[in-house]
Amino acid sequence: MATQQYRIISADDSEIHNEPHIDGSRVTVRDVQTRVEQRGLSPERVAERYDLDIADVYEALAYYHSNPEEMRRVETRHERAVADAKNRSSLTPPDR
């Protein structure tokens, strides 16, 4: 009988921005979810782009939806970091 080996490292165990990510890569669960569900890329395209197995992409998506509290904490930390960086920067984007 085969045993499934999951490749998602939780935020608590992650050394990559304290975000869940795919073991053996620097690809975060949040990045996979954003590219597939918000930007409309196919899971196959994301797997190809990051040199991942397609199962890793689907596992990342499943992890995202199975752990909503953890993902909310990660997103809150990310939003706070972006806001802090904007507050520290003296650069402003050009007008369009």
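E19, R30 and E75 are linked in a network of salt bridges. A salt bridge here is a side-chain nitrogen of Lys or Arg within 4 Å of a carboxyl oxygen of Asp or Glu. The model is predicted: local features need pLDDT of at least 70, side-chain atom pairs count only at pLDDT 80 or more, and totals for chains, interfaces and linings use all residues. Residues are numbered from 1 along each chain as its sequence is written, and side-chain values use heavy atoms, with hydrogens and water left out.

E75 and R30 join through their side chains, 4.0 Å from N to O. The two belong to distant parts of the chain: E75 sits in helix α4 (residues 68–88), R30 in helix α1 (residues 29–38), 45 residues apart. Helices are DSSP runs of H or I, at least four residues; strands are runs of E, at least two; both are numbered from the N terminus. R30 is buried, at 15% relative accessible area. E75 is partly exposed, at 29%. Buried means under 20%, exposed over 50%, partly exposed in between, with a 1.4 Å probe and protein chains only.

Helix α1 also holds a local pair. R35 bridges to D31, with the closest N and O atoms 3.1 Å apart. They are four residues apart in helix α1, so about one helical turn separates them. R35 counts as buried, at 17% relative accessibility.

Now turn to D56 and R7. Their side chains form a salt bridge of 2.9 Å, N to O. D56 is buried, at 7%, whereas R7 is partly exposed, at 31%.

By this rule, the count is five salt bridges.
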